[in-house]
Amino acid sequence: MKRLDTILVGTIFSPRSDAAVRTAITLANAFQSKVILLHAIHEQVYSLIAEHPGIPELERRLRERHLKADVEGAQDVEVVIKRGLAADAIYSEAALKNADLIVLGSGGKPDNPEVQLGTTASRVIRRASTPVWAVAPQCPEVPRHILCAVDTSEASRRALENANLLSQ
């Protein structure tokens, strides 16, 4: 059965991405998965701060999340900082690391409930070949309901088995 061996989670140090990190840790605990915490820095910004103490500070903050993740039970956490657009970095790193799932904050605009997905989440969902779990800010860490669309394929059987495992 295809399990969630590697989960990549995009983070931008916001409450929305904190929810994604919590969800990724919960999934990692259920599936004994490796978690990759990824933060992307736009190329132009990176070139301006490459020699600035800001990069080590970002690494330190991600490592703090790594330690918090370890305390919350995740067994294997990797910290990655990539240069480039967030969406590109997320789906390319997911492909490079053979991630089974991408978890990220849904983005959107808190002051406009009609906008449910932000630009990065929309781009990742459209372009990634890896399944994407977009997490809303107030979303519970463990889903209360699981909807699993199935047909007669092997992939559907695996999806149903994973959904069953997650529900326990």
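Trainee: Ser 106, buried or exposed?

Mentor: Buried: in this predicted model the relative accessible area of Ser 106 is 8%. The cut-off for buried is under 20%, so Ser 106 qualifies.

Trainee: Where is Ser 106 found?

Mentor: In the loop between β4 (101-105) and α5 (119-127).

Trainee: And what does Ser 106 touch?

Mentor: Leaving out residues up to four places away in sequence, Ser 106 touches Arg 16, then Gln 116, Leu 117, Gly 118 and Ala 121, and also Ala 134, Val 135, Ala 136 and Pro 137.

Trainee: OK, the sheet. What is the strand order?

Mentor: The order is β3-β2-β1-β4-β5, an open sheet of five strands with parallel pairing. On average, neighbouring strands are turned by 20° against each other, direction ignored.

Trainee: How many bridges between β2 and β3?

Mentor: Eight, in the parallel sense, with β2 covering residues 34-41. Within that pair, Val 35 stands opposite Val 77 in β3.

Trainee: Which strands does α4 touch?

Mentor: Helix α4 (residues 86-96) packs on the sheet and touches β1 (6-10), β2, β3 and β4. The direction of α4 makes about 150° with that of β2.

Trainee: What about α5, which strands does α5 lie across?

Mentor: β4 and β5, and α5 runs at about 160° to β4.

Trainee: Switching to pockets. What volume does the largest pocket have?

Mentor: About 600 Å³. The largest pocket has 23 lining residues, and those nearest its centre are Leu 4, Leu 101, Pro 131, Ala 159 and Asn 162.

Trainee: Which element gives the largest share of that lining?

Mentor: α6, with six residues. α1 (15-31), β5 and α6 (154-167) each supply at least two.

Trainee: How do the residues of that lining divide by class?

Mentor: The lining of the largest pocket has 15 nonpolar, four polar and four charged residues.

Trainee: And the second largest pocket, what volume?

Mentor: About 290 Å³. The second largest pocket is lined by 19 residues, and closest to its centre are Ile 12, Leu 104, Gly 105, Thr 120 and Ala 121. Ala 121 is also one of the residues that Ser 106 touches.

Trainee: Which elements give two or more residues to that lining?

Mentor: α1, β2, α4, β4 and α5.

Trainee: How does the lining of the second largest pocket split by class?

Mentor: Eleven of its residues are polar, seven nonpolar and one charged.

Notes. Residues are numbered from 1 along each chain as its sequence is written. This is a predicted model: local features need pLDDT of at least 70, side-chain atom pairs count only at pLDDT 80 or more; totals for chains, interfaces and linings use all residues. Side-chain values use heavy atoms; hydrogens and water are left out. Helices (H or I, at least four residues) and strands (E, at least two) are DSSP runs, numbered from the N terminus. Buried means under 20% relative accessible area, exposed over 50%, partly exposed in between (1.4 Å probe, protein chains only). Contact means heavy atoms within 4.5 Å. Two strands pair if DSSP finds at least two bridges between them. Axes are lines fitted to C-alpha atoms, for helices over the stretch in contact, and angles run from 0 to 180 degrees between N-to-C directions. On a 1 Å grid over the protein atoms alone, a cavity is a set of points where a 1.4 Å probe fits but cannot get out, and a pocket is an open set with protein on both sides within 12 Å along at least five of seven lines; lining residues have an atom within 4 Å of a point. Grid points are joined across faces, edges and corners, and a volume is the space filled by probe spheres set on the points. Ala, Val, Leu, Ile, Met, Phe, Trp, Tyr, Cys and Pro count as nonpolar, Asp, Glu, Lys and Arg as charged, and the others, Gly among them, as polar.
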